[in-house]
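The sequence and the model come first.

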Amino acid sequence: MKSFLLALVALVVISLGANQMLLRSGFSSADAGTSEGNVRIGSQDQ
Amino acid sequence: MLRFLALLAFMWTLVLPVTAQEAAVDTRASTGGAQTLEDILRRQEGLKVDDSFRRGLTGDPDAAAPITEQLGTLGGASDPDLWRALRFSSGDVETQVRGPAATTLIQNRGIWWLEFREGALLKLTAYLLGGTLLALALFYLIRGRIRIDGEKTGRTITRFKAFERFGHWLLASSFIVLALTGLISLVGRKLLIPTFGHEAFSTVATASKWVHNNISWAFIVALVIIFVVWVVHNLPDRTDLNWLAKGGGLLGGGHPPAKKFNAGQKLIFWAVIILGGSISASGLSLLFPFEFNMFGHTFSTLNSWGLPGWFGAADLPYPLQPQEEMQYAQLWHSIVSLILTAIIFAHIYLGSIGMEGAFDAMGKGDVEEQWAREHHSIWADDVLKTKQSDAERT
């Protein structure tokens, strides 16, 4: 069961690590999807 | 003069039917120029609707009735005018939202996805997962637990090394969490909100989304690990045909010879690699919205091959709106995940309660020698021969 417990630890470490790396690299939803100033959207046919 | 008037009256009678015909052609007269029941029905059937009659009705002040007259606007545009301008992307709009989707404020073509996601997809989820569990329960009732036929030796042989088990458990634990949190996202609105209410579901859904997004990386890492360590043992060979022909002895009894992995396990391995890889790709597309657009390009390629025509279907939609890319990715991600979950149900069953001695392989890493001889005879012979020659050498 040592492998199983080690896998659970790795699961937590990888998840938290990936989350922090993405946040610090500017991949948060706020960073990726918004701008500080207003932008005028162009017309795009539907 | 009287003759001239009679001629005029006669000509008028000829003109009247023509005028009536022209009036009949104006199909929107009954609604005062607004959309008709026919328009709505066509839209519901997914057919193209000629919207030229309302595309331009966006509150142009020059075209509006003067404010001094009856039915004149009170300045600016009415709400319907504004929404029409948004729908047809002619509104003068500013936003802080960036990205391709910002330019499509109302997405007509997303309705079918919403309806499918809230209807057919939930039914598919229930039938597929429920049906698989039911089938496994029936199999258990009919076949019972698959026991070790021969006498146990009390000796064990190593089936999986620590790193193999680590890779397996990393994949298994991440998959189970991903499946549970994925199901919460997929069916939570229909099942959990009526039971627990909006506020409780909001907390659960937010946590579930965070966990799902971040644990996905562990799943991808584990997928790579198990591919690297097991791919050599999962290449198809002739023993698989014999194993499959005898149904693996699952129903008729007997133990067809097998190497480290039998044909059933190989099928599960490749299902996990291919479906898991596809789930990972569509998951990345959803995790980084609008960055990896896979479906528009795929549809375009399939159309160029004429593939939809082989099945008598119309061309697949192309180009896709940014939101449509995400909608197709969400459907693909969900459906492929459901199929893999159903397969994994069977894998979990056979690796635990379904077969005596099977769990030890992943639990301890060592299996009873007799179990190995019955279920993986070729592999067991190889391992025992190596063990014996090693013993003789020392």
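## Interface and helix packing

In this predicted model, chain B and chain A bury about 2,900 Å² between them, with 55% of that area on carbon and sulfur atoms. The contact joins 37 residues of chain B to 31 residues of chain A. On the chain B side, B:E94, B:Q96 and B:R98 stand out: they supply 20% of the area that chain B buries against chain A, more than any other three residues.

Within chain B, helices α8 and α10 pack against each other. Their axes lie 10 Å apart, at an angle of about 150 degrees. Angles over 145 degrees count as roughly antiparallel, so α8(B) is roughly antiparallel to α10(B). The crossing of the two helices is left-handed.

| Helix | Residue range | Contact residues |
|---|---|---|
| α8(B) | residues 198–230 | B:N213, B:S216, B:W217, B:F219, B:I220, B:L223, B:I226, B:F227, B:W230 |
| α10(B) | residues 263–287 | B:F269, B:W270, B:V272, B:I273, B:G276, B:G277, B:S280, B:L284, B:L287 |

By class, the contact of α8(B) with α10(B) has 13 nonpolar residues, five polar and no charged.

Two residues of α8(B) in that contact, B:I226 and B:W230, also touch B:H168. B:H168 sits in helix α7 of chain B, which spans residues 162–196. Is B:H168 buried or exposed? Its relative accessibility is 16%, so B:H168 counts as buried. Beyond four places in sequence, B:H168 also touches B:H347 and B:M362.

Terms used: Residues numbered from 1 in each chain as written. Chains lettered and ligands numbered in written order. Predicted model: local features only at pLDDT ≥ 70, side-chain atom pairs only at ≥ 80, totals over all residues. Heavy atoms only, no water. Axes fitted to C-alpha atoms, helices over the stretch in contact; angles between N-to-C directions. Helix = DSSP H or I, 4+ residues; strand = E, 2+ residues; numbered from the N terminus. Parallel < 35°, antiparallel > 145°, perpendicular 65-115°, else oblique. Left-handed = near helix turned anticlockwise from the far one by under 90°. Contact = heavy atoms within 4.5 Å. Nonpolar A, V, L, I, M, F, W, Y, C, P; charged D, E, K, R; others polar. Buried < 20%, exposed > 50% of the residue type's maximum accessible area, 1.4 Å probe, protein only. Buried area = accessible area lost by both parts, 1.4 Å probe.
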